[in-house]
Amino acid sequence: MPAQQKTIKLHPSWLNALAGEFEQDYMVALRAFLAERIASGANVFPRPAEWFNALDTTPLDQVKVVILGQDPYHGPDQAHGLCFSVKPPVPPPPSLVNIYKELNSDLGLKPPSHGCLTSWSEQGVLLLNSVLTVEQGQAGAHQGKGWERFTDAVIEAVNREREGVVFLLWGGYAQKKGQLVDPQRHCVLKAPHPSPLSAHRGFLGCRHFSKTNDYLKARGESPIRWELPVAVS
C-alpha cells in the first residue's frame, strides 16, 4: 500500500484529510477495477494523471466554492478532471453553454470560445465530479465502483475543515450528495441542472454567481473572478 500511495498525485492538504481513504477496502477494489479496465484496452477518461485534478488545483485550505458534477464527459479529449470543464480545442458542451448563458445574464460576462474552467479552480472553486472516471461512449460506466464513497469523504472534509464555503448544487443528484453539508456553517445554493433538459426550469435566472460573490464579500473574502480568459492553450 505505501508504494502505491506514493503514486497518488494529491496536494498535501488533501492527503492529510483523506489519507485513510486510500487504505480502505473499497479503494483497493476500485484501483484493481481501474487497472483491469485499462489493461483490457478500455478507453478510460480522463487520463490517470488527471483523476484527482480537482483536488490538485484546489487545495483543501483554499476551497471557497464547491460545484458538484456527476460523471466526467465520455467523449475523446473532453474530460480533464474538473466537472463541466473541457480541454481546448473541444467546444463547450451543452450544459456548459447554459452555464455561460447564466454568467452573461447574471454578471454580463461574454462567453469565451473554449470550455476550460481551470482559472476558477485556481481561485478556490472545487470542481468536483461524484465519479472521477468513465469509459469512452459509456456514460456512468464507473458508477457504483467506489468513487462515490471517496468523493463523499472529500465533501465531508470540506464541511469539517472549512467555514463559509458556498456549495452550488445543480440538479437532484448534486442536491442529494449535498446533504453531507451543514447549512449552518456554509452557504448552500440549489437550482436545477444546467442541462438543456432542465436549465429552463430555474437554472437560467438563478443568479448563483453573483450570490456567491455577495456571500464571500460579506464574509470579508475576495470574490471569484468568474470571467474566463479569452483563450487558453
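Student: Is aspartate 106 buried or exposed?
Tutor: Aspartate 106 is buried, with a relative accessible area of 12%. Buried means under 20% relative accessible area, exposed means over 50%, and partly exposed is in between, with a 1.4 Å probe and protein chains only. The model is predicted, so local features need pLDDT of at least 70, side-chain atom pairs count only at pLDDT 80 or more, and totals for chains, interfaces and linings use all residues. Residues are numbered from 1 along each chain as its sequence is written, and side-chain values use heavy atoms, with hydrogens and water left out.

Student: Which residue forms a salt bridge with aspartate 106?
Tutor: Arginine 207 does, with the closest N and O atoms 3.4 Å apart. A salt bridge here is a side-chain nitrogen of Lys or Arg within 4 Å of a carboxyl oxygen of Asp or Glu.

Student: What does glutamate 50 pair with?
Tutor: Glutamate 50 forms a salt bridge with arginine 47, at 3.6 Å between the closest N and O atoms, and another with lysine 87, at 3.8 Å. Glutamate 50 and lysine 87 are 37 residues apart. Glutamate 50 counts as buried at 10% relative accessibility, whereas arginine 47 is partly exposed at 48% and lysine 87 is partly exposed at 26%.

Student: Now the core. How many residues has the largest nonpolar core?
Tutor: It has 66 residues, and those with the most contacts inside it are Trp14, Ile67, Trp120, Leu126 and Phe150. A nonpolar core is a set of buried Ala, Val, Leu, Ile, Met, Phe, Trp, Tyr and Cys residues joined through side-chain atoms within 4.5 Å. Helix H7 (residues 147-161) gives the largest share, seven residues.

Student: What does tryptophan 14 touch?
Tutor: Leaving out residues up to four places away in sequence, its contacts include Leu55, Pro59, Leu126 and Val154. Contact means heavy atoms within 4.5 Å.

Note on methods: Helix = DSSP H or I, 4+ residues; strand = E, 2+ residues; numbered from the N terminus.
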